[in-house]
Amino acid sequence: MSTVKVAMIGVGAISGIYLENITNVFKEIEIIGVCDLIRERAESAKEKYEIKKIYDTMEDAFADPEVDIVLNLTRPYEHFEVTKGALLAGKHVYSEKPLGATYSEGKLLAELAEEKNLMLGGAPDTFLGSGIQTCRKLIDDGYIGQPIGAAAFMICRGHETWHPDPEFYYKFGGGPMLDMGPYYVTALVNLLGGVSGVTGVTKTSFPKRTITSTPKSGTIIDVDVPTYITGILNFDCGAVATIFTTFDVYYKESARLEIYGSKGTLIVPDPNTFGGPVKLLRPEDGEFKEMPLLFDYAENSRGLGVADMAKAITSGRDFRASHLQTRHVLEILTSFEKSSQEGKFVKLETSYEREMPMVNNPLHGVLD
Ligand SMILES: NC(=O)c1ccc[n+]([C@@H]2O[C@H](COP(=O)([O-])OP(=O)(O)OC[C@H]3O[C@@H](n4cnc5c(N)ncnc54)[C@H](O)[C@@H]3O)[C@@H](O)[C@H]2O)c1
């Protein structure tokens, strides 16, 4: 069986799980080369996962005729240049979130992909996991009746306590809404459909932050982005969602995602994970009941979206995490700050139709 060949640009903190899953789980894709500005990172990945090539520069990867998909795992402010270069070289691109650091970056990339007839899209792919797919089926099958609203909360005190290189979270393209919002908003649009407009209020509670993780412990970060973001989303279906993401608050449980319907309430699992628990409250039960998971990929399956893109390339079917989704999500994420600055409701330019739900396949690691 011939595989779809992937070149990885950026071999940092998140690369390990992609390398692991692409090598050991997803049978139809293969990493044939890696590239990092810090060469030792590419070298250790090459050795550990027996990867064929190291590229000196990303342009070398883009010029490799063997490469089908460029996997962009660089930092958010670097996504645009890497994705643009790969598309211009004729490669399909799967990008870590967000699609771009601004909506205009994402829009330009989407237009370029469409012009060149290439696939573009990307993270998160957690919405393809068993937890959120089960929630989608329960909602679509009427278990909570007509959706009327939702609430999403991602509350934490920031990533400088654990990430080895956390500055980017507080710079252009960073902040809690662009960093963690993609998981919540991608899940919401997969469960409730497109958003017509948003309202937001944002602020930066702490203009400076101190890194406490190694090796940069003690370094002060100047914060350039809002870190306390509240928003309201108006869905085409009539539902209204509240979202709150912050890096400023001490809290115990970081994730909360709930969907409210005319006949019940659904607690969606942490959308930064692939599995459960999924909990449903119906008035006749009087308490939340844990639902069985109905789909595959409950474990950390990062790379599932790349495998789905590869299957779309070889079979001609649609790609579930396409730029139509990541662009709509990026417009939502960035419009909260726009609304806050302008002091008004922001009507969105993009519209959105959900892609097909996941289909269970008997062989784990092979997509439908
Ligand atoms: N760290 C996490 O837990 C996590 C989780 C989910 C998603 N993400 C996303 O993954 C992306 C990367 O995050 P990370 O934490 O791995 O960052 P990181 O800083 O650890 O790694 C990024 C790597 O990209 C390399 N790089 C940048 N530009 C390059 C270029 N032009 N050519 C080659 N290499 C280049 C850097 O040298 C660095 O090694 C971000 O978009 C982030 O939002 C991270």
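This is a tutorial dialogue on reading the features of a predicted protein model.

Trainee: Where should I begin with the overall fold, and how many helices and strands does the protein chain have?

Mentor: Welcome! Keep in mind that this is a predicted model. The protein chain has 10 helices and 17 strands. Its C-alpha trace spans about 60 × 50 × 40 Å along the principal axes.

Trainee: What does the radius of gyration say about the protein chain?

Mentor: Compare it with what a compact globule would give. For 368 residues that would be near 21 Å, and the protein chain has 20 Å, so the two agree. As for the surface, the chain exposes about 15300 Å², with carbon and sulfur atoms supplying 53% of it.

Trainee: How do I read a helix, and which residues of α1 are buried?

Mentor: The general idea first. An α-helix has 3.6 residues a turn, so residues three or four places apart point the same way. In helix α1, residues 15–24, the buried residues are Ser 15, Tyr 18, Leu 19, Asn 21 and Ile 22. The elements covering them include the strands β1, β2, β4 and β5, together with the helices α2 and α9.

Trainee: What should I look for in the backbone torsions?

Mentor: Most residues other than glycine have a negative phi, and most peptide bonds are trans. Here, the bond from Lys 97 to Pro 98 is cis, with omega near -10°, and Pro 98 sits in the loop between β5 and α5. Another cis peptide bond joins Gly 276 and Pro 277, with omega about 0°; Pro 277 belongs to the loop between β14 and β15.

Trainee: And is Asn 117, with its positive phi, buried or exposed?

Mentor: Asn 117 has a phi of about 55° and lies in the loop between α5 and β6. Exposed means over 50% relative accessibility, so Asn 117, at 69%, counts as exposed. Tyr 297 also has a positive phi, near 70°, and is placed in the loop between β16 and α9. With a relative accessibility of 5%, Tyr 297 counts as buried.

Trainee: Which residue forms a salt bridge with Arg 320, and are the partners buried or exposed?

Mentor: Its partner is Asp 308, with the closest N and O atoms 2.8 Å apart. The pair links Arg 320, in the loop between α9 and α10, to Asp 308 in helix α9, 12 residues apart. Both are buried: Arg 320 has a relative accessible area of 1%, and Asp 308 has 0%. Salt bridges can also share partners, and in this way Lys 52, Lys 53, Asp 64 and Glu 66 are joined into one network.

Methods
Residues numbered from 1 in each chain as written. Predicted model: local features only at pLDDT ≥ 70, side-chain atom pairs only at ≥ 80, totals over all residues. Heavy atoms only, no water. Helix = DSSP H or I, 4+ residues; strand = E, 2+ residues; numbered from the N terminus. Rg over C-alpha atoms; globule rule 2.2 N^0.38 Å. Areas by Shrake-Rupley, 256 points an atom, 1.4 Å probe, with all protein chains shown as cover. Buried < 20%, exposed > 50% of the residue type's maximum accessible area, 1.4 Å probe, protein only. Contact = heavy atoms within 4.5 Å. Salt bridge = Lys/Arg side-chain N within 4 Å of Asp/Glu carboxyl O.
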